[in-house]
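Let's take a friendly tour of a protein model, one part at a time. Have a look at the picture first, then read on.

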Amino acid sequence: MPAYYDAQEMLDREKPDVVSITTGGYEYSSDHYEPTMQALRAGCHVLGEKPISNDLRHAQEMVDLAEKMGVYEPPLYARGPRGQKMAG
């Protein structure tokens, strides 16, 4: 797959079934909300790093849209409290 610098362009061209959102949260000057909403609107299942949002309204919008689109959007917990890998 080619590299994309625009999430919407990638969604439009590649039409993936699943997208992993690994942008940082607000503390890293980034956010999960917009790329997650773009992927959900494209009908993709979304795997997102926790927390899904630092804004409760945004989190609810993402969950509501996932339900409306019939796709799944679980938060990923890749590491345990002490950094050990957790079973998926």
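Predicted model: local features only at pLDDT ≥ 70, side-chain atom pairs only at ≥ 80, totals over all residues.

Averaged over the protein, pLDDT comes to 81, and 76% of the residues score 70 or more.

## Helix H1 and its ends

H1 runs over residues 7-14, and aspartate 6 caps its N-terminal end. To do this, a side-chain oxygen of aspartate 6 lies 3.1 Å from the backbone nitrogen of glutamine 8. Just after H1 comes lysine 15, which takes a positive phi of about 50°.

Inside H1 you'll find glutamate 9 and arginine 13, four residues apart, or about one turn of the helix. In an α-helix there are 3.6 residues a turn, so residues three or four places apart point the same way. Glutamate 9 and arginine 13 form a salt bridge, with their closest N and O atoms 3.3 Å apart. The structure holds three salt bridges.

## Two helices side by side

Now for H2 (residues 33-41) and H3 (residues 56-69): they pack with their axes 9 Å apart, at an angle of about 10°. Because of that angle, H2 is roughly parallel to H3.

Who meets whom? From H2 come Tyr33, Thr36, Met37, Leu40 and Arg41, and from H3 come His58, Glu61, Met62, Leu65, Ala66 and Met69. Sorted by class, this contact has seven nonpolar, two polar and two charged residues.

Conventions:
Residues numbered from 1 in each chain as written. Heavy atoms only, no water. Polar contact = N/O pair within 3.5 Å; in protein donor to acceptor, adjacent residues only side chain to side chain. pLDDT = per-residue confidence, 0-100. Axes fitted to C-alpha atoms, helices over the stretch in contact; angles between N-to-C directions. Parallel < 35°, antiparallel > 145°, perpendicular 65-115°, else oblique. Contact = heavy atoms within 4.5 Å. Nonpolar A, V, L, I, M, F, W, Y, C, P; charged D, E, K, R; others polar. Salt bridge = Lys/Arg side-chain N within 4 Å of Asp/Glu carboxyl O.
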